[in-house]
Amino acid sequence: MHCPSCNSVQVRKASAVYMDGTLKTKTRIRGVGITAGRREGLGLGVFTGRGVSRGSTIAAEKADRARVIWIGPFKGLSVCILFSVIFAVLQLYDPFGKALGLAIAIMIGCPAATAILAAMNNQDYDRRWYCDTCGEVWTGEI
Ligand SMILES: [Zn+2]
C-alpha cells in the first residue's frame, strides 16, 4: 500500500492513526479540589490524575470517523438569542418566537442530518488509510 498522492509507503490505517493520536494526548490533569476523606477530614488539596484531554493530534482528527454533531441546550440557547437579536433588528413580528422555532429546528435537524452523513461516510471507514508523509486520507483495500 502506498499513498496515491505522494507515493510514500509511510501509510497507516486511519483507525490506527486515530487510536494512536488520542492515546498520546492522555495527560496528567492537575487541579485543586476539596477532599472529604475519612481520615483527613475535610481539606483542600492538589490532586493529580490521568485523564484524556479533549484535544487530539491533527492527524488523529483527520483520520477520525465522521461523527454526529449534537447541539446542546447551551448552544441551542445561544442560537436562539442570536436569531432573536437579528430578527428584532430586522423588525420582524415576534422575533423571539421565530428564533425559538428556528433554534429547535436546528437542534433537531443538525444531529439528524449529520447522523445520515456520518453513516454514509463511515461505511468504508475500515478501508480508510492515512499517509504520514503528506496527510492524505483515502479509501483503499484492506
Ligand atoms: Zn502521501
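Reply: The bend at a residue is the angle between two fitted axes, one for the seven residues ending there and one for the seven starting there. Helices (H or I, at least four residues) and strands (E, at least two) are DSSP runs, numbered from the N terminus. This is a predicted model, in which local features need pLDDT of at least 70 and side-chain atom pairs count only at pLDDT 80 or more, while totals for chains, interfaces and linings use all residues. Residues are numbered from 1 along each chain as its sequence is written. Here, H4 bends by about 25° at glycine 109. A proline, proline 111, follows within four residues.

Me: In what order do the elements of the protein chain run?

Reply: The chain has four helices and five strands. From the N terminus on, the order is β-α-β-β-α-α-α-β-β.

Me: How do the strands E1, E4 and E5 form a sheet?

Reply: Strands of a sheet pair through backbone hydrogen bonds, either parallel or antiparallel. In this analysis, two strands pair if DSSP finds at least two bridges between them. The three strands form an open sheet in the order E1-E4-E5, with antiparallel pairing. E1 and strand E5 (137–139) stand at the edges with a single partner strand each, so one side of each has no neighbour in the sheet. Neighbouring strands of this sheet are turned by 30° against each other on average, direction ignored; the axes behind such an angle are lines fitted to C-alpha atoms, for helices over the stretch in contact, and angles run from 0 to 180 degrees between N-to-C directions.

Me: Which residues stand opposite one another in these strands?

Reply: Three bridges join E1 to E4, and the bridge partner of lysine 13 in E4 is tryptophan 129. E4 and E5 likewise pair over three bridges. Tryptophan 129 stands opposite tryptophan 138 in E5, and tyrosine 130 stands opposite valine 137 in E5. The hairpin of E4 and E5 has five residues between the strands, and glycine 135 takes a positive phi near 85° there.

Me: Where are residues other than glycine found with a positive phi?

Reply: Most residues other than glycine have a negative phi. Asparagine 7 has a positive phi of about 70° and lies in the segment before E1. Glutamine 91 has a positive phi of about 60°, and its place is the loop between helix H3 (73–89) and helix H4 (95–121).

Me: Are asparagine 7 and glutamine 91 buried or exposed?

Reply: A residue is buried if 20 or more other C-beta atoms lie within 10 Å of its own, exposed if 12 or fewer, and partly exposed in between, with C-beta atoms placed from the backbone. Asparagine 7 counts as exposed because it has 10 C-beta neighbours inside 10 Å. Glutamine 91 is exposed, with 7 other C-beta atoms within 10 Å. Across the chain, buried residues make up 12% of the 142 residues.

Me: What surrounds valine 11?

Reply: Two residues are in contact if their C-beta atoms, placed from the backbone, lie within 7 Å. Valine 11 is found in strand E1 (residues 11–13) and is buried, with 21 other C-beta atoms within 10 Å. Residues up to four places away in sequence aside, valine 11 touches Met1, His2, Cys3, Trp129, Tyr130, Cys131 and Asp132. Valine 11 and tryptophan 129 are 118 residues apart along the chain, yet their C-alpha atoms are separated by 6.7 Å.

Me: Which residues make up the largest nonpolar core?

Reply: A nonpolar core is a set of buried Ala, Val, Leu, Ile, Met, Phe, Trp, Tyr and Cys residues joined through C-beta atoms within 7 Å. The largest one has eleven residues, among them Cys3, Val11, Val17, Ala59, Trp129 and Tyr130. Helix H1 (14–24), helix H2 (58–63) and strand E4 (128–131) each supply at least two residues of this core. A second, separate core of five residues includes Val79, Phe83, Ala99 and Ala103.
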